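I opened the model to look at a helix, the sheet beside it and the relation between the chains. My entries follow in the order of looking.

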2 protein chains.
Amino acid sequence: MGTALGIDFGGTSIKSGLVRDGAVLFHGNPIETQACRGREEIIDALVALVGQVGEHGEEIAAIGIGLPGLVDSVGGVVHELTNVPGFDEVPLRAILHERTGLPVTIENDAKAMAYGEWKFGAARDGRHVVCVTLGTGVGGALILDGRLHRGAQLGAGEIGHLSIDYRGKPGPFGNFGCLEEYVGNVQIAERAVRRYGEAGTARTVEECSPLDLQKAALAGDTVAWKLWEDLGTELGAALASVVWVINPDTIVIGGGVAKAGELIFEPVRRTIRARTSEIINRDLRVVPAALGNDAGIIGSATLALEAAGR
Amino acid sequence: MGTALGIDFGGTSIKSGLVRDGAVLFHGNPIETQACRGREEIIDALVALVGQVGEHGEEIAAIGIGLPGLVDSVGGVVHELTNVPGFDEVPLRAILHERTGLPVTIENDAKAMAYGEWKFGAARDGRHVVCVTLGTGVGGALILDGRLHRGAQLGAGEIGHLSIDYRGKPGPFGNFGCLEEYVGNVQIAERAVRRYGEAGTARTVEECSPLDLQKAALAGDTVAWKLWEDLGTELGAALASVVWVINPDTIVIGGGVAKAGELIFEPVRRTIRARTSEIINRDLRVVPAALGNDAGIIGSATLALEAAGR
């Protein structure tokens, strides 16, 4: 199989690790994305990672990078990068190949994470897999018939933009009632503040992170409890539609919100079951992501090794 | 390629034809489904079709059948047939093979139609294709990465059960706000009757077929015009969600309602464009089905020829 450097390029930090057989042998030092001034510093930092993990003496066969935004994995070009201005239309694959001499694979971050979870994580036994990542953005990716489904413009899997109410609140790209407008981190915090206010309790957005709301619900706070129930219903309703269209065998849910465990998984599973036919939900597994923060690193590295024929 | 008998098994009538190179050489006599008393008479009628089309002297290499309902195309079993009671758990492939000596392929009817449109009809140039059929039921099927996508329980493509309003009207299987509850033929007629009533005009359901409403709208009837606009928005909103998740290059819309042409296609295209990002809708084609009533016959026959290695 060989060993590859996997890089999970996030808007906040760039995480990396040397990966073999789906396991991280050791991590590279995290890089603060916003500390890099512009495109050249980011590229220098990525190249420096190769030298850094190379010091451990392992041969690096390839580099795989997962990036948030519109990534042309076939042409090797990053069209645009979420939260990183100025990183548009960058032929990242060619640049890094020239600087390092190694084969490079680039992919959308949600697709890389899904690939990691499918090959080595929570969806290991799946053939038709839907992955959702819950964070500031709500992303997703599909493995269909044992292959990563990228779609016509390589843009498939955007479950956060699926609408659950066609007359709902407008979201980005002109869609109404998108899932992200309900279950994105920012929206969750805003809804919590509003509901606490209605219940006569003043809370700030900063006091309403998913973790805060999880602790509150588990401590018996009814506002938080009801909010998790609603979040689970909304996410479950969106996933029920995906189940009707895709008929997956496995749904993997990852990201910060998914760490709330049964607070969210129970209503999600219940809603999917209630809104789909027994024959298509009977053997459906709805499970939390298993690789945690390493999913993107492992998925990117694995895609790179496969592309390099290793 | 060879020649196959394609059979499109409908709740009202069973249509058939001898197919070569994606064209129907001649049709079999239509059979009234409800005139057949029970399972044995249906099977006898299907077997009789082989003799009937065989009289033309063409060699028949295989039989392909598309059926409405839950069809196990891999195991060759019809689990249940929409609108045909008593036709449950029928190992139709084995039965017809034994009676005719020919290789038999069975498939869900929407998938067979989609396959026909993809191989020889409106989606001929597509690689990622979404097909929707609008009738009493709203069905669908997906061709992804150049292959028919069946899903884990072979139940994929049920776009009629996708919800456009998670708090909407309950539909079959417990889902709320399913597309079919908006744009199914029965629902369209009921909505038209209600809206005409509100406008002070008495109409019966029988006077509100898709064709009646098409003629009315084209004659300047504002109730009918507004209804088509709403139907297009609802269908377009559902398809926008499908576009975000699947990222297709082609959407084919067929069935009775699709015959209304631009009355429905214009608002559908406008809504998809307004609710998706430019990069994923720029090259998207949204087109009417091209094979008409022969789509299921041609698709079933083609699937049968391919399965027989012809």
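Entry one. I looked up helix α8 of chain B, residues 262–275, and found that α8 lies across β12 and β13 of chain B, at about 165° to β13(B). Helices (H or I, at least four residues) and strands (E, at least two) are DSSP runs, numbered from the N terminus. Axes are lines fitted to C-alpha atoms, for helices over the stretch in contact, with angles from 0 to 180 degrees between N-to-C directions; contact means heavy atoms within 4.5 Å.

Basis. The model is predicted: local features need pLDDT of at least 70, side-chain atom pairs count only at pLDDT 80 or more, and totals for chains, interfaces and linings use all residues. Residues are numbered from 1 along each chain as its sequence is written, chains are lettered from A and ligands numbered from 1 in the order written, and side-chain values use heavy atoms, without hydrogens and water.

Entry two. I traced the open sheet of chain B: 5 strands, in the order β11-β10-β9-β12-β13, with mixed pairing. Two strands pair if DSSP finds at least two bridges between them. β11 (147–149) and β13 (285–288) of chain B are at the edges with a single partner strand each, so one side of each has no neighbour in the sheet. Neighbouring strands of the sheet are turned by 25° against each other on average, direction ignored.

I checked β9 (residues 129–134) and β12 (residues 250–255) of chain B, which run parallel and are joined by 6 bridges. B:Val132 stands opposite B:Ile253 in β12(B).
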